Amino acid sequence: MDDFFVLDARADRVGALRDARLSSNPDGGATGQANLLLMDGAEHRRLREVVKEIIALVEPLPSDVRADIEDMVAGLATSASFDLVADFARPVAARVTTAVLGAVEPLDARLLTALSETAANLDVWSGGAPPGADLAALRVAMFFLKATAVEGGGLALLREAHDAGRVTEDELMLTPVMLAHAAYENSMNFLALAGLDLLRRPRQPDEVEVRRLVQDIAPTRYAARRVTGPLTVSEVTFGAGDKLAVPLGDGLAFGLGRHACPGSRVAVAEGEVALRALSAVLTSSHVVGEVRYKTHPVFHGLEYAQVTRISPTKCV
């Protein structure tokens, strides 16, 4: 993000997230026409309403999803070692993603890997996606286009919206990719980092404050905006085409304004179930070994974090 101006002051960041003069489309052209994250104005409001209706289908988090998460996490209690990413965060995030999209076919390991590789098309801000990202996005899009929709689920609602003329052909293809990435990648990153925090600062289940953890961790580091006309922020003047990076720390993890995260309640509910269940599993015998962080400039997460349960030393 070398060509971005980073806004440091919190007041400037709040103002930028709420300023309709700053565009979410990286080039003002066709780049963001079908991706909700890169849209502005009336078209953004139209598609966002459909997305909010899809997310509302899992608010509150369904009881079977909650039970599945609790069962998955409880199973870690019998493991001598586990990875906070592969064995905790990834399966939980995948279960919630399945609930949000409502596809009969399972989200297998290959598809989940492709989801991570798409980066939600945000790499266009830096001049292009890395090798394989476009193919990964296409693979995810084709999966959801062909998937059998659960009756009353997210995919079914999206297809009904398309049939009613509320969603274009391109939006029908790209919206599941965007939704699945948000539900999977962001949640996986947050859950793994929050799980690591629980290991380093143990708490009882009822002491786990998920909303505070989300704000402290901020699994999405920045929001990107393009200046559309003369703009002055903290005595710095920007011209049309300049790019601003808006850090999402200090209580801004879910964003503000027209692009505030519409799935924040689902994310918090998911985190409460999963992290409180993990807190109940962890003991003083659990120690964290090697930890490797992701290096993506926008998404903050872990590659892996190995947790081992050590045996108490016997006295003789």
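**Chat: loop, cores and a helix pair**

User: Is glutamate 235 buried or exposed?
Analyst: Glutamate 235 counts as exposed because its relative accessibility is 80%, over the 50% cut-off. Keep in mind that this is a predicted model.

User: Where is glutamate 235 found?
Analyst: In the loop between β5 and β6.

User: What is the phi of glutamate 235?
Analyst: About 70°, a positive value, although glutamate 235 is not a glycine. Most residues other than glycine have a negative phi.

User: And what about the phi of serine 234?
Analyst: Serine 234 has a positive phi too, near 50°, and is not a glycine either. Serine 234 lies in the loop between β5 (231–233) and β6 (236–238).

User: Serine 234, buried or exposed?
Analyst: Exposed, since its relative accessible area is 51% and the cut-off is over 50%.

User: Switching to peptide bonds. Which residues does the cis bond join?
Analyst: Glutamate 59 and proline 60, with omega at about -5°. Most peptide bonds are trans.

User: Where is proline 60 found?
Analyst: In the loop between α2 and α3 (63–74).

User: Okay, α2. Where is isoleucine 54 found?
Analyst: Isoleucine 54 sits in helix α2, which covers residues 41–56.

User: Buried or exposed, isoleucine 54?
Analyst: Buried, because its relative accessibility is 1%, under the 20% cut-off.

User: What is isoleucine 54 in contact with?
Analyst: Setting aside neighbours within four places in sequence, isoleucine 54 contacts Val100, Gly154, Leu157, Leu158 and Leu179.

User: How many residues separate isoleucine 54 and leucine 231 in sequence?
Analyst: They are 177 residues apart in sequence. In space, C-alpha to C-alpha, the two are 36 Å apart.

User: New topic. How many residues are in the largest nonpolar core?
Analyst: 78 residues. Those with the most contacts inside this core are Ile69, Leu84, Phe88, Phe144, Phe190, Leu275 and Leu278.

User: Which helix gives the largest share of this core?
Analyst: Helix α8, residues 169–200, with 16 residues. In soluble globular proteins, nonpolar side chains tend to be buried together.

User: Now helices. At what angle do the axes of α5 and α6 cross?
Analyst: At roughly 130°, and the axes come within 8 Å. Helix α5 is residues 109–118 and helix α6 is residues 133–146. So α5 is oblique to α6.

User: Left-handed or right-handed crossing?
Analyst: α5 passes α6 in a left-handed crossing.

User: Which residues make the contact?
Analyst: From α5, Arg110, Leu111, Ala114, Leu115, Glu117 and Thr118. From α6, Ala133, Ala136, Ala137, Arg139, Val140 and Phe143.

User: What is the contact made of, by class?
Analyst: The contact of α5 with α6 has 8 nonpolar, 1 polar and 3 charged residues.

User: Last one. Threonine 118, buried or exposed?
Analyst: Threonine 118 lies in helix α5. Threonine 118 is buried because its relative accessibility is 3%, under the 20% cut-off.

User: What does threonine 118 touch?
Analyst: Leaving out residues up to four places away in sequence, threonine 118 touches Ala133, Ala136, Ala137, Val140, Val177 and His181.

Note on methods. Residues are numbered from 1 along each chain as its sequence is written. Side-chain values use heavy atoms; hydrogens and water are left out. A nonpolar core is a set of buried Ala, Val, Leu, Ile, Met, Phe, Trp, Tyr and Cys residues joined through side-chain atoms within 4.5 Å. Buried means under 20% relative accessible area, exposed over 50%, partly exposed in between (1.4 Å probe, protein chains only). Helices (H or I, at least four residues) and strands (E, at least two) are DSSP runs, numbered from the N terminus. Axes are lines fitted to C-alpha atoms, for helices over the stretch in contact, and angles run from 0 to 180 degrees between N-to-C directions. Angles under 35 degrees count as roughly parallel, over 145 as roughly antiparallel, 65 to 115 as roughly perpendicular and the rest as oblique. A crossing is left-handed if the near helix is turned anticlockwise from the far one by less than a right angle, and right-handed if clockwise. Contact means heavy atoms within 4.5 Å. Ala, Val, Leu, Ile, Met, Phe, Trp, Tyr, Cys and Pro count as nonpolar, Asp, Glu, Lys and Arg as charged, and the others, Gly among them, as polar.
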